[in-house]
Amino acid sequence: MTEILFVLAASVVFGIGVWGLLIAEHLLRKLLALNVMSSSVFIIMLVVAGGGPDGPDPVAQALILTGIVIAVAATAFALALMVSIYRKTGRASITEKGDDDR
Amino acid sequence: MIAELLAGLVFIPLGATLLVLLLPRQARGYLCFTAVLALPLCLMPLTQAVWADGEITLALAEFTPPLGIVWRLDGLALIMLWLTAIVAVPVSLHALTSFPPGEQTGRGFWPLWLMLLAGINALFLSADLFNLYVTLEMITLAGVAMLGIGGNALALKAAMRYLLLGLLASLLYLLAVGLIYGQTGALDIYLVGERLETDRLAATALVLMITGLLVKSAIFPMHVWLPAAHGNAPGPVSAILSGLVVKVSLYMLIRIWFWMAGDWELPAAATALGLLGAGAILYGSLAALIQPRLKMVIAYSTVAQLGYVMLLFPLASINAFHAASYQLLAHGLAKAAMFLAAANILWSIGTDRLHALTDLNRKLPVDLFALALAAVSIMGLPPSGGFLAKWLLLEAAWQQGAWGWLILISIGSLLSAAYLFRVIALTCFHPERRHVPTRWQSPPSSASIAALVLALLAIAAGFTSAPILGLIDDSLPPGGIWP
Amino acid sequence: MTTEWLPLAMVLVSLIAGVIIFLLGEQRQLARTLLNLGAALVKLALVAFLSMLVVTDRAPEFRLALLPGLDLVLRADALSLLFTTLSAVLWLITTVYAIAYLERSENRARFFGFFSICVASTMGIAMAGNLFTFFIFYELLTLATWPLVAHSGSRAAILGARTYLRYTLGGSAVFLVGLIWLYGLAGSRDFIAGGQLDEIGIAQHLDLQIIFVMLVIGMGVKAALVPLHSWLPKAMVAPAPVSALLHAVAVVKAGAFGLVRLVEDVYGPELVAELGMNHLLAVAAAVTIIYGSVMALRQTDIKRRLAFSTVSQVSYIALGIAVGGVMATTGGMVHLVHQGLMKITLFFCAGIFATVLGVKCIDQLDGLGRRMPWTTLSFTIAGLGMIGLPPMAGFVSKYYLGAGAIAVGAWWVIPVLIASTLLNAAYFLPLIKRMWMHPEPGEWPHPVNLSRMETGGLVIPTVMTAIISVLTGLFAAHPLSPLSWVMGIVTEYFP
């Protein structure tokens, strides 16, 4: 029963993340939305990890930990990229017409 | 010995990444180039071993699946590793002058490039779903970072778009990995293939995985990030991204579809993937036809050319398998050559707007020659690797009476001829626009030679099919392929 | 000594010469000229040596597997030698002419480089041992001739080149699909005199018919069969040596030669007749002959008139093989050589008129006979040959075509031949009359003073091709004449 609750919660969180990623204009918001999405993925993986009769599955937990580390690194990198975009263009946004042309 | 060589493919570039910034400036170039040259040297004995004994497997730290991680080197992986090594050497030669290792831009480029190489090699060796995720993430991050080296605002924005979509795709993939692990308790592709039940959960996981990989491979209509990224990337970075990086996720898609889900009957899904390929071919070619800039033409051409690989899914025969692998190989070589040539043109004239490029045959004969030779392969005109790929694909379509795909392939190659001949005609024959450009400098000869070597290799691939197809025949997927 | 490399060497000589010419660059004129002539002479020597081998039944063959079960085959047989000899001789002559012709123009390295590659692909087409190899060189020829057509870089040249590409690439896409289909049905087979598709069952005959049409479309584009001919007049913007080579040897002939191979060595005349495809080809050829002549009559530009004349004349070849029988096939195939010699002479003359005096239109031709007697004489000889005046080469072709058609009962061919001859006369005789009979005008459109070297380089090749064309007609009965050669080949098809 708790599993279904977890999955439902994760789905809602995932939806919020997708919504934010698509709608938000500011890059920081987009990045936060992505992080929200990754949390939902980790929740679902936790459900998977918790299942077995012999207690939680250590491999799945290791996967989640690795996933979190990668998410942190990617976010840090994305923030740095955002800052340099801000310095170049004066805006922290990528929604603009005419990007294809120099 | 084999284990050390396999490890060398990953750890030589990775080690060089760490070392490069510690060394004095003068020594950096040697270190970087040696690390790249070591890759084909490692591959040669490995090729012999695969040739003699078939697939090589290596259980890392001697743990076996499901708990341990296994590296597998079969014919397909070997070919992709060779593509990486063969593209890497000329690209590095180019980068020695376009991103001198001793200078500021080189300090950005070389560690990332070496890390990218380590990631790509590790990915081709991996047969573990989670390992694939980690390496793919490494490749994406390194690729995005390389895009931003020049500090050009357009490239930075393209990098950000690429990163956001890439991370989204990774999340979808990771979610699928979690679901699959929950059902099978395994991550090794072969083991998962045996254990996976064809239920709704597994189907959801497969859809998530494929969607994520389609985004990463920029398959129509998920290609939106690619043209701006590849078209604005600095110098050899475009060549790396278009020649190697997009191939990586496509390779994963093929592995997962045929190895992990090989015994599933999914004709409708396969047709859908083929239709995406058709969309890519038509849309990419038509878009390439109207681009005002050389690098954008080449970038859209990548969108189109990747579409041919997607036809593997509906055709799914040995011939189609040959064709798709050959297409990956030939396109990688030719596209890298084109982007290097375009980088030289851009560098020496200061713009790659087609209407500003005139008289290239006299100013930059070598680069233009490289561009034209690579174009021959991309168009699929004989004799070239691209021609063999097209021939095999047409043959595969004919064998199954798939006239629709057959006509599509023909139209696609005509369209590619249209956009590439347009480029060459505009850049060579235009007396009315013979104005002297504002800036002009001759590119370093090693940079031009790098482009030419790759283009010649793309042509030479038209004569070397026997060993390559032999390797593929030894590594056909376990099920789900028609004779 | 192993001789299997000889066919490959035939192709590589020109290919390597072409690449070296690119590398030499624009300024090294002497080296380029020597290389051009040297390669052409080497090629002639190779052809002579190969002929000797073929006559003594030691024909070499070069084979390289491009894909499993799919070989690149280059070999010498009697038919391929006919075409290689023609190309090698005309290449040498055209090279001399082109060196003089382009003395003052730009981008000569590019021109001669692609010129050589063009000849290399023609050699490949001639020596191809199967349809797949033929296709490869056929495509290479398209690639090599495109920059030649666009050479001048003028708007018209670029548009002409674009039209050329659209037709040829479109045609080759159809060709490729037909080829895949044929290989799927029958596998990869080498050319065999009399055909190779005997064991394919009746059930597949519809397939074979469709494939035949597709392959004819692929080759018909280059052979300028109506309605696939419109690129040819537009490609006339190319420099005169290119037009000469394009019309006489390379592109148009490659298409016609391909039709010969397709009918005689892939399907075989019997199967073609069984499938009813000979009628289709014959009708297409007849329509092209008449249409081309009528259109030629309506042109006022000399080169365009010659271009439509080519459209018409090349279809004699298709007509001959479509009618079938020893005589008609001989008449068609020997026209491969005869038309080449006569048409290259005509284009050389047109090129001289245009560069030396700026004469491009028919009404500017008045009185040329007095100003340029040698060139005008060559033009006259070639023109009369085209009309088919005995004992010129053109007469020999037409005689065999006509007699062969009667022999197999294809009476309808005779009116076509008569009509075409009358039309030929109608579009050549007024030109010849103007040149000899009309008075010289007060001044020429664009007179240019040429050095003796340049004049010699232009006129001598022209006179030479004219003389050869006369000799092939006069001595048609000689055992070494093209006619006897073709007879030898054709008797193999109809045992």
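Residues are numbered from 1 along each chain as its sequence is written, and chains are lettered from A and ligands numbered from 1 in the order in which they are written. In this predicted model local features need pLDDT of at least 70, side-chain atom pairs count only at pLDDT 80 or more, and totals for chains, interfaces and linings use all residues, while side-chain values use heavy atoms, with hydrogens and water left out.

Trainee: How much area do chain C and chain B bury between them?
Mentor: The size of an interface is often given as the accessible area lost when the parts come together. Buried area here is the accessible area (1.4 Å probe) that two parts lose on being put together, summed over both. Of the area between chain C and chain B, 79% is on carbon and sulfur atoms, and the total is about 3000 Å².

Trainee: Which residues of chain C lose the most area to chain B?
Mentor: Contact means heavy atoms within 4.5 Å, and 32 residues from chain B meet 34 residues from chain C. Three residues of chain C together account for 20% of what that side buries: C:Leu67, C:Trp146 and C:Ile180.

Trainee: Which element gives the most to the side of chain C that touches chain B?
Mentor: Helices (H or I, at least four residues) and strands (E, at least two) are DSSP runs, numbered from the N terminus. β1 (61-67), α5 (131-149) and α6 (155-186) of chain C each supply at least two residues of that side. The most, 14 residues, comes from α6(C).

Trainee: How many salt bridges cross the interface of chain C and chain B?
Mentor: A salt bridge is a side-chain nitrogen of Lys or Arg within 4 Å of a carboxyl oxygen of Asp or Glu. The whole structure has 13 salt bridges over all chains. Across the interface of chain C and chain B, the rule finds 0.

Trainee: How far apart in sequence are the parts that C:Arg63 and C:Asp190 tie together?
Mentor: The side chains of C:Arg63 and C:Asp190 meet in a salt bridge at 2.4 Å, N to O. Buried means under 20% relative accessible area, exposed over 50%, and partly exposed in between (1.4 Å probe, protein chains only); C:Arg63 is partly exposed at 37%, and C:Asp190 is buried at 18%. C:Arg63 lies in strand β1 of chain C and C:Asp190 in the loop between α6 and α7 (205-223), so the separation of the parts is 127 residues.

Trainee: Which helix holds both C:Asp265 and C:Arg261?
Mentor: C:Asp265 forms a salt bridge with C:Arg261, the closest N and O atoms being 2.6 Å apart, and both residues are buried. They are 4 residues apart, about one turn of the helix, and both lie in helix α10 (residues 251-267) of chain C.

Trainee: Which side chain does that of B:Ser217 meet in a polar contact?
Mentor: B:Ser217 is in helix α8 (residues 200-217) of chain B and is buried, with a relative accessible area of 0%. A polar contact is a pair of N or O atoms within 3.5 Å; within protein, one must be able to donate a hydrogen and the other to accept it, and residues adjacent in sequence count only if both atoms are side-chain atoms. At 3.1 Å, the partner side chain is that of B:Ser249.
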